[in-house]
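Subject: Structure handover and notes

Hello,

Here is the structure you will be working with. Please have it open while you read the notes below.

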Amino acid sequence: MKEKLEQILKDAQCEIEKCDDVKTLDEVRVKFLGKQGELTSILRNMKEVPPEERKTVGMLANGVREKLEDAISKKSEKLEEETLLKAMEKEKIDITMPSKGVKRGALHPLTRFNNKFMDICVEMGFTVIQGPEIDTDYYNFEALNVPKNHPARDMQDSLYITDNILLRTQTSNMQVHAMEELKPPFKIVCPGRVYRNDDDSSHSPIFNQFEALVVDENVGLKDLMKMIDVILKKLFGENVKMRVRPAYFPFTEPSIEIDATCQMCQGKGCSLCKGTGFSEVFGAGVVNPKVLEMSGIDSKKYSGFAFGPGIDRSVMVTNKIPNIKYLFRNDMRFLKQMR
Ligand code: PHE
């Protein structure tokens, strides 16, 4: 029995020594010290040992167990340390390597232009409001003095959802919402997306406009022109020139179209401005008294003016973007160049 115990001790020590990972070490522990283990079965069968030898064999067997437990725990510590060292070696960070750099985000060019325009308007005392992109025919057309079958509807190829509901073709729907909800005097500006059945390199079915509306006593064309002059200078610089042409919108009377120095060629004349040095920036006008009345504003006491720039064209021109679609595709290769 004594020899057998010594043999177990030797075998186990040898196997423990050979282990090179925690898993095999555990297998060795189970083999010798587990419930069905070699040493355990000897200890369990002590009653077969003659009584006079039991004490010595028992002491010996317990001694072997202690030695093995000790050897296993030392080996386990050693293996854990080795694994840690290996991991540290593998995951070592070489601080002398150049860094990957931090990727910087930036605002979309439309957002930047939008923010700039809003800041200018807020500085001038306008309140920024927002409203529905899906609206009824009444707000988009009828209350703006464009009754059903009016030829002016042709200017805006509309996208209808039902006979009465459409994707707004202009932010001018917000003129009506504002006049219904606010008490004059007020100055509102509304940035937003608008939709038309238009699609080529300079037209997109989705584009962006602002609507600015001032309703007060004794305001008119001269106030509108002065305000636009100030805005254009803040937007494009002090040297920008403005040109006014007569136009027609059913909701303004008189109606005008504002041109500004072409931002592509700075007024020298290019293919975009067809050699004129000017490009169209917005439609504007004095609010038609009929429109004020339809929304419940006394047109004998109050008057108003409005302007509605499309911003995509300005962003295209100032950033020399050849196709309007680039503004909506969210292609990182394009956006990175726009920083
Ligand atoms: N809503 C008009 C358009 O989309 C522009 C406009 C706005 C004209 C305000 C006059 C006053 O063409």
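Helices (H or I, at least four residues) and strands (E, at least two) are DSSP runs, numbered from the N terminus. The model is predicted, so to speak of a local feature a pLDDT of at least 70 is needed, side-chain atom pairs count only at pLDDT 80 or more, and totals for chains, interfaces and linings use all residues. Residues are numbered from 1 along each chain as its sequence is written, and side-chain values use heavy atoms, with hydrogens and water left out.

Salt bridges

Side chains of opposite charge can pair when their charged atoms come close. A salt bridge here is a side-chain nitrogen of Lys or Arg within 4 Å of a carboxyl oxygen of Asp or Glu. The structure holds 17 of them.

One is formed by Lys23 and Glu27, whose closest N and O atoms are 3.7 Å apart. Both residues lie in helix α2 (residues 22-33), four residues apart, which is about one turn of the helix. For exposure, buried means under 20% relative accessible area, exposed over 50%, and partly exposed in between (1.4 Å probe, protein chains only). Lys23 is exposed because its relative accessibility is 62%, whereas Glu27, at 45%, is partly exposed.

Glu123 and Lys234 form another salt bridge, with 2.7 Å between the closest N and O atoms. This pair links distant parts of the chain: Glu123 is in helix α5 and Lys234 in helix α8 (residues 221-236), 111 residues apart. Glu123 has 60% relative accessibility and so counts as exposed; Lys234 has 39% and so counts as partly exposed.

Where do Glu133 and Arg193, which meet in a salt bridge (3.6 Å, N to O), lie? Glu133 is in the loop between β1 (127-128) and β2 (134-136), and Arg193 is in strand β5 (residues 186-195), so the pair ties together parts that are 60 residues apart in sequence. Glu133 is partly exposed, at 25% relative accessible area, and Arg193 is partly exposed too, at 41%.

There is also a network of salt bridges that links Asp137, Glu142, Lys148 and Arg153.

Charged patches

Patches are made of residues with over 30% relative accessible area and no salt bridge; like charges are joined within 9 Å, and nonpolar side chains (Val, Leu, Ile, Met, Phe, Trp, Tyr) within 5 Å. Lys and Arg count as positive and Asp and Glu as negative, while His and the chain ends are not counted. A charge is placed at NZ of Lys, CZ of Arg, CG of Asp or CD of Glu. Accessible areas come from the Shrake-Rupley method with a 1.4 Å probe.

On the surface, a patch of positive charge gathers Lys100, Lys103, Arg104, Lys336 and Arg339. Arg104 is found in the loop between α4 (51-90) and α5 (109-123), and is exposed at 65% relative accessibility.

A patch of negative charge on the surface is made of Asp20, Asp21, Glu77, Glu80, Glu81 and Glu82. Glu81 lies in helix α4 and, at 54% relative accessibility, counts as exposed.

A buried residue

Thr169 lies in the loop between β4 (165-167) and α7 (173-181). Is this residue buried or exposed? Thr169 is buried, because its relative accessible area is 0%. Its side chain makes a polar contact with the side chain of Gln156 (2.5 Å). A polar contact is a pair of N or O atoms within 3.5 Å; within protein, one must be able to donate a hydrogen and the other to accept it, and residues adjacent in sequence count only if both atoms are side-chain atoms.

Regards
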